[in-house]
Amino acid sequence: KCDGEIVAASSLKARGILMHSFLKTEAAGCMELGVINTVMIQPLLNSSKGAPLAAGSMKNAQIAKEKLSKQRRGSTLSIMEGRLTNRQTNQVKDQLSNSDTQIFLRAVESLIPLQQEFIASIENSTNSCKWDETMMIGGLFNTVNMNALCRQYESFVSGHQAAVRVLGGSIFREFIKEVEGELGTTTLISKFDGPADGPKRYLELLVSLLKQTNNAHADYAPLKEACDKMTKVVESLAEITRGKQNFEKLLTVQSSFVMDFVKDPVVQKLVSMERIFIREGELKKVCRKENKKFMFWLFSDYLIYGASLGGKKYSFHRAVLLEKANVADHTSTDARNAFDILSNEKSFTVLCTTGLEKDDWMAAINEACTAVKKAKGVSSTSGAAPLWVSDKHADQCNICSAVSLYMKVVCIFW
């Protein structure tokens, strides 16, 4: 509808079609986020201040949704009082007081009015020209409102991973079920992927519009500027996401060890902003009596392995410092899909299930070793501990080179 006149969607041209589709998607997403804010976010914010934890009702959510459809500019949702129960505990309050979780909850709350204002600005622009191809869109992505919206997306992404971890805890299980029941969904947490991808959608729109805009069009230069700006925003958010995901992964790995028995300082201080998780997997390690399965975790500076205790819990065995380690193909024919990890403290052979798995692990470890040595200024690794070799495959001692049967018996290294 434009100034009381109805513009048929079938009459829209290329740029108008793009904007019409974009507006529909953004308006629907904003309404959904408003409902989630009422049913879930506001009760969580109230609970972080000491209120009992209970999902907001869909009746109140519907009221909020109607407000969103009627007031597209500058309005904020009222805080709806949810159904209160006695589930509130100090533990819930403590969990929700986590700084990243608070940043996430506040970002969701703040995104809604900013999204409303942005949608309203687009509607005003498209309506003012009756949806013809002269519409000016690029400048709408270079406003104070858009800058504020991007800052809230940054806050949203910064707290997203921590909030997912906290809300995935057992203490919130009943609350999440209650919220999902109110919303009629079983995939509540995945709904937060939509807001996180907001700047990506903006960039996709801008790129598509630029392709449909002639160089001589007054909107071309503003669109180009907006594209450049939004590209930087998307790259920045991607970097924040990678950092937060890595941090959460380090927490997960650390919590998987039974810490009562872990004295190693590497595991005790595993969560570090300088450490990057690379990959994990179960491999067999060649041992004296029999080959044993261990879980291996490769980081940017260490290779750690431990034995499974069941229930995704592990006992720590060793941390191999990569700046003093190398990886090599296992040359003996006694083992298939095997490679050697050589370090100054301990060297050993691991067995993979397939040749592809072996190649992937060797490449990842070699790349990590090379990178950390370059960063530390270490040119090469020498003095690797000898590999243990079973007697039936040993022709001589790996240290003193004793070769006779007699020397094998008396050699202190064999």
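Among contacts in the protein between residues at least 6 apart in sequence, what percentage join residues at least 24 apart? The figure is 65%, where contact means heavy atoms within 4.5 Å.

This is a predicted model, in which local features need pLDDT of at least 70, side-chain atom pairs count only at pLDDT 80 or more, and totals for chains, interfaces and linings use all residues. Residues are numbered from 1 along each chain as its sequence is written, and side-chain values use heavy atoms, with hydrogens and water left out.

Start with the whole protein. It has 12 helices and seven strands. These are DSSP runs numbered from the N terminus: helices are H or I, at least four residues, and strands are E, at least two. Of the 414 residues, 43% are buried, meaning under 20% relative accessible area with a 1.4 Å probe, protein chains only.

Now turn to helix H6, residues 173-183. Its residues Phe175, Ile176, Glu178, Val179 and Glu180 are buried. Their cover includes helix H1 (14-47) and helix H5 (144-167). Just after H6 comes Gly184, with a positive phi of about 70°.

Next, look at helix H8 (residues 198-211) and helix H9 (residues 220-256). They pack at an angle of about 150°, their axes 9 Å apart. Axes are lines fitted to C-alpha atoms over the stretch in contact, and angles run from 0 to 180 degrees between N-to-C directions. H8 is therefore roughly antiparallel to H9, a term for angles over 145 degrees. Among the residues that meet are Leu203 and Leu206 in H8, and Leu223 and Met230 in H9.

Definitions and conventions: Buried < 20%, exposed > 50% of the residue type's maximum accessible area, 1.4 Å probe, protein only. Parallel < 35°, antiparallel > 145°, perpendicular 65-115°, else oblique.
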